[in-house]
Amino acid sequence: MIIGFTLNGKKATVDTRPDRRVVDVLREDFGLTGVKEGCGTGECGACTVLVDGEPRLGCLMLAVQMEGRDLVTIEGLAPEGGLHPLQEAFLECGAVQCGFCTPGMVLAGSALLKRKASPGRAEIREAISGHLCRCTGYQKIVDAVETAAARGGKKEETE
Amino acid sequence: MKEVFLPGNLEELWRALEREPAPRPYCGGTDLLVHLRSGKTDPDALVCLERIPELSGVREEEGGLWIGAATTHARLLDDPLVRARLPLLARALSTLGSPPVRNMGTIGGNICTASPAGDTLPPLYALDGEVELRSRDSSRRMPLRRFITGPGETALRPDEILAGVRVTPDGTYNVHHFEKIGIRRAMACSIASLAALLRVSSSGEIEAARLAWGSVGPTVVVSGEAEQALLGKRLTRDVLEDAAERARKAVSPIDDVRASAAYRREVSGNLLLRLMEHRPL
Ligand SMILES: Cc1cc2nc3c(=O)[nH]c(=O)nc-3n(C[C@H](O)[C@H](O)[C@H](O)COP(=O)(O)OP(=O)(O)OC[C@H]3O[C@@H](n4cnc5c(N)ncnc54)[C@H](O)[C@@H]3O)c2cc1C
Ligand code: FES
Ligand code: FES
């Protein structure tokens, strides 16, 4: 079936089986390999995609559910040729090691900063609590979200 | 390949459900798609309920609140009516899964999964929630306590869906307490949980009590005995220990990967001791 949606700010269509998982469609048909598959069962957050601005899990959503929605993956978060303020902060704070969790962490962090410009550390921890990181120990990820918030990451965000 | 239908209203849903074989309803997919992957279930076709306006949202009705089955946990947590009138449910929802799971998962999915560990169930039992079941030609209501007939089992007929749940909160309860024991704070399936509603008079006497435990029996456990033990008493350690002993007798927990039955039994009682914190000053 043909499914029409918005992908990283542009109109997109895909002709596919309705029962494929969103993580597979985005990776295989659109080459968006920033959408990772860790567990495939909702536990790790690596497959996170913003759907109408909310973090959702690509491994627990079927292709047909993309119809009419606005999807943003890590590839679409930054302005052309630049970095999102949160990505800058991740780099500076050393919040990235192997990088497997990073797309999900950054998308979760960006959704939080849209809801709340200056979250406390407890709120940041809560916002990333559905995302597993096997490398960093989380502190530097929390530091990075805090740093971006302090710089008003919200204002610079591209819509 | 499975057909997946995405009806935009009830009429389209009824038409989809008339197909042979009838597609299996799902909403957030946070239980169903996990079971699909593990091969625990393998329906021929699916119908997703997320786009049906008649099944979602919260409204005041008959002096209580009607909550659409397809309302996500995140939306309920943001809802002013839920926050003001159902603080017990809100507390339980805030412990459920993780932010992305709450953005997808729904209250209807939690109820129909009928897991003893379903976090919305103890509050909905304590609040005497009532489910509304609909098919093209019928609409019926029944208490949630009757709807859930066993672990993973409900009274839903094949042609029916859960449309919503109705709760009439009794504003005279002044203690709204929910606690869940898990292995970690986020994304932890419950080992044991307690939902408690109490009415404590200004002089400190317990005038009414509703208690419901999750994860310590095949379905949610209620104990009239433990409730009785509190009535007319004060929130002292001795009174709560007495109720706790009765609770430990009422539960029928199992051993599983998360905890032993013995631990669950012990902690079911201990969860009551926390109510001491609600003693009027
Ligand atoms: C990582 C992770 C963590 C989780 N943590 C928790 C937790 O802490 N606590 C907890 O309670 N649960 C937890 N869950 C389970 C799940 O998220 C919840 O039970 C959720 O509420 C299910 O809702 P859903 O809409 O996603 O259900 P779905 O998966 O869409 O459906 C679940 C079942 O209900 C049926 N169904 C759904 N809606 C209807 C309807 N309206 N009418 C008829 N049948 C219907 C489906 O056929 C299916 O059998 C977790 C899941 C994951 C993946
Ligand atoms: S791959 Fe989706 S949550 Fe882990
Ligand atoms: S940086 Fe390796 S998993 Fe987070």
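In what follows, Ala, Val, Leu, Ile, Met, Phe, Trp, Tyr, Cys and Pro count as nonpolar, Asp, Glu, Lys and Arg as charged, and the others, Gly among them, as polar. With that division, the shell around ligand 1 in this predicted model is made up of 15 nonpolar, 14 polar and five charged residues.

Altogether 34 residues surround ligand 1, and the closest of them are Pro25(B), Cys27(B), Thr30(B), Asp31(B) and Thr106(B). Although these closest residues belong to chain B, the site is shared between chains, because residues from both chain A and chain B surround ligand 1.

Several polar contacts can be followed from the ligand into chain B. An oxygen atom of ligand 1 lies 2.6 Å from a backbone N or O atom of Cys27(B), and for Asp31(B) it is a polar side-chain atom that lies 2.6 Å from an oxygen atom of the ligand. Leu32(B) takes part through its backbone, where a polar atom is 2.6 Å from an oxygen atom of ligand 1. Taken on its own, ligand 1 has 970 Å² of accessible area, and the protein covers 92% of it. In terms of secondary structure, the elements that give two or more residues to the shell are β2 (24-26), α7 (107-113) and β10 (161-167) of chain B. Of the shell around ligand 1, α7(B) supplies the largest share, which amounts to five residues.

Glu20(B) and Pro21(B) are joined by a cis peptide bond, with omega at about -15°, and Pro21(B) has its place in the loop between α1 (10-17) and β2 of chain B. Ala114(B), in turn, is not a glycine and yet has a positive phi of about 50°; this residue lies in the loop between α7 and α8 (121-126) of chain B.

The remaining picture concerns how helices pack. Two packed helices are described by the angle between their axes and the distance between the axes. In chain A, helix α3 (residues 102-115) and helix α5 (residues 139-150) have axes that come within 11 Å and cross at roughly 40°. Angles under 35 degrees count as roughly parallel, and α3(A) and α5(A) are therefore oblique to each other; the crossing in which α3(A) passes α5(A) is right-handed.

Helix α3(A) also meets helix α2 (residues 85-93) of chain A, and here the axes come within 10 Å and cross at roughly 125°. That angle makes α2(A) oblique to α3(A), and α2(A) passes α3(A) in a right-handed crossing.

Notes
Residues numbered from 1 in each chain as written. Chains lettered and ligands numbered in written order. Predicted model: local features only at pLDDT ≥ 70, side-chain atom pairs only at ≥ 80, totals over all residues. Heavy atoms only, no water. Near = heavy atom within 4 Å. Polar contact = N/O pair within 3.5 Å; in protein donor to acceptor, adjacent residues only side chain to side chain. Areas by Shrake-Rupley, 256 points an atom, 1.4 Å probe, with all protein chains shown as cover. Helix = DSSP H or I, 4+ residues; strand = E, 2+ residues; numbered from the N terminus. Axes fitted to C-alpha atoms, helices over the stretch in contact; angles between N-to-C directions. Parallel < 35°, antiparallel > 145°, perpendicular 65-115°, else oblique. Left-handed = near helix turned anticlockwise from the far one by under 90°.
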